[in-house]
Amino acid sequence: MGSLNNIVTTLFGENTQTVDIIILLTILTLLPSILLMLTGFTRILIVLSFARSAMGMQQTPPNQVLIGLALFLTFFIMSPVFSTVYEDAYVPYTNQEITQEEFFENAMAPTREFMLAQVFETDLYFFIGLSGEQFEDLESVPNRVLIPAFLTSEIKHALMIGFFIYIPFVVVDMIVASTLMSMGMMMLPPAMISLPFKILMFVMVDGWQMVIGSLMETFR
């Protein structure tokens with residue numbers, strides 16, 4: 001972002017208001033990518049999709065509902081990070097106490113702390129090896145190495161949680177299939193019979209609360 005600032009400043013001179021508008025528009029354009037790359041949104045959305053698929057419902061809840069729920073859960077998880085960014089980066093910058101370079105550094109500091117707390121060391125060392133560089137400690141790892149390691153770790157977290165979500169539903173499917181076979185009703189699709197039982201089981205155990213609660217615990 002520092003190079004972007006230099007380019008814009010060269011084009012528009014010292015008109016800081018114009019520079020701020022250009023940078024703000026750039027951030028707004030990249031906001032969906034930032035949400036996916038630097039927060040827990042990816043893990044949350046994948047886990048919620050696993051829960052829906054495990055019940056055998058492909059379109060219920062709709063994608064818009066899952067994305068909306070994942071978005072608000074992301075804000076819930078990331079609220080300490082967002083508060084720190086607001087207090088340490090946004091407020092001093094709007095008060096003209098820090099430069100734009102310091103603004104981006106202060107904004108990335110709590111975000112990097114969150115990513116380093118969630119990333120698997122095996123993924124991080126893998127991308128460090130791919131970079132072909134040596135770093136004194138994990139804090140000195142650049143964002144171009146940390147971000148892809150964080151993304152792969154988020155996907156791995158989601159797949160591990162999805163495995164445990166699927167197990168009870170697979171057991172229900174097996175019981176229903178075995179029962180239908182023992183009754184000689186092999187032509188009746190087991191998925192059609194097991195679906196209401198899986199929905200009933202999910203509601204009785206308050207499944208969404210269990211999934212969301214377990215998911216929130218993985219970020220601690």
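Where is the place of Thr218? Thr218 sits in the segment after helix 9, and point 6 comes back to it. Here are my notes on the model.

1. **What we are looking at.** This is a predicted model, so to speak of local features a pLDDT of at least 70 is needed, side-chain atom pairs count only at pLDDT 80 or more, and totals for chains, interfaces and linings use all residues. Residues are numbered from 1 along each chain as its sequence is written, and side-chain values use heavy atoms, with hydrogens and water left out.

2. **Confidence.** The average pLDDT (the predictor's confidence in each residue, from 0 to 100) is 79 for the chain, and 84% of the residues score at least 70. Helix 1 (residues 2–12) has the lowest confidence, with a mean of 45, while helix 3 (residues 41–54) has the highest, at 88. Over residues 7–15 the pLDDT stays under 50. The model has seven contacts beyond four places in sequence for that stretch, a contact being heavy atoms within 4.5 Å. Where pLDDT is low, the predicted coordinates should not be read in detail.

3. **Overall build.** You'll find nine helices and zero strands in the chain, which gives the pattern α-α-α-α-α-α-α-α-α along the sequence. Helices (H or I, at least four residues) and strands (E, at least two) are DSSP runs, numbered from the N terminus. Of the 220 residues, 33% count as buried; buried is under 20% relative accessible area, exposed is over 50%, and partly exposed is in between (1.4 Å probe, protein chains only). The accessible surface comes to about 13400 Å², with 69% of that belonging to carbon and sulfur atoms. Those areas come from the Shrake-Rupley method with a 1.4 Å probe, and for residues only the protein chains shown count as cover. As for contacts between residues at least 6 apart in sequence, 67% join residues at least 24 apart.

4. Thr111 is in helix 5 (residues 100–118). Is Thr111 buried or exposed? Thr111 counts as buried because its relative accessible area is 10%. Not counting residues up to four places away in sequence, Thr111 touches Leu38, Val81 and Val85. Leu116 lies in helix 5 too, and at 18% relative accessibility Leu116 is also buried. Leaving aside neighbours within four places in sequence, Leu116 is in contact with Leu124, Leu138, Glu139 and Leu146. Leu116 and Leu138 are 22 residues apart in sequence, and their C-alpha atoms are 8.0 Å apart in space.

5. **Helix 6 against helix 7.** Two packed helices are described by the angle between their axes and the distance between the axes. For helix 6 (residues 121–131) and helix 7 (residues 143–182), the axes come within 8 Å and cross at roughly 145 degrees. Axes here are lines fitted to C-alpha atoms, for helices over the stretch in contact, and angles run from 0 to 180 degrees between N-to-C directions. The crossing is right-handed; a crossing is left-handed if the near helix is turned anticlockwise from the far one by less than a right angle, and right-handed if clockwise. On the helix 6 side, the residues that meet helix 7 include Leu124, Phe127 and Ile128, and on the helix 7 side, Val145, Leu146 and Pro148 are among them. The contact residues divide into seven nonpolar, four polar and three charged. In that count, Ala, Val, Leu, Ile, Met, Phe, Trp, Tyr, Cys and Pro are nonpolar, Asp, Glu, Lys and Arg are charged, and the others, Gly among them, are polar.

6. His157 is in helix 7 and is buried at 14% relative accessibility. Beyond four places in sequence, His157 is in contact with Arg43, Gln118 and Phe120. Thr218 is partly exposed, with a relative accessible area of 26%. Thr218 touches Arg43, Gln118 and Ile161, again not counting residues up to four places away in sequence. The C-alpha atoms of Thr218 and His157 are separated by 8.3 Å, although the two are 61 residues apart along the chain.

7. Met192 lies in helix 8 and is exposed, at a relative accessible area of 51%. Asp206 is found in the loop between helix 8 (190–204) and helix 9 (207–217). Asp206 has a phi near 55 degrees, a positive value in a residue other than glycine, and counts as partly exposed at 38% relative accessibility.
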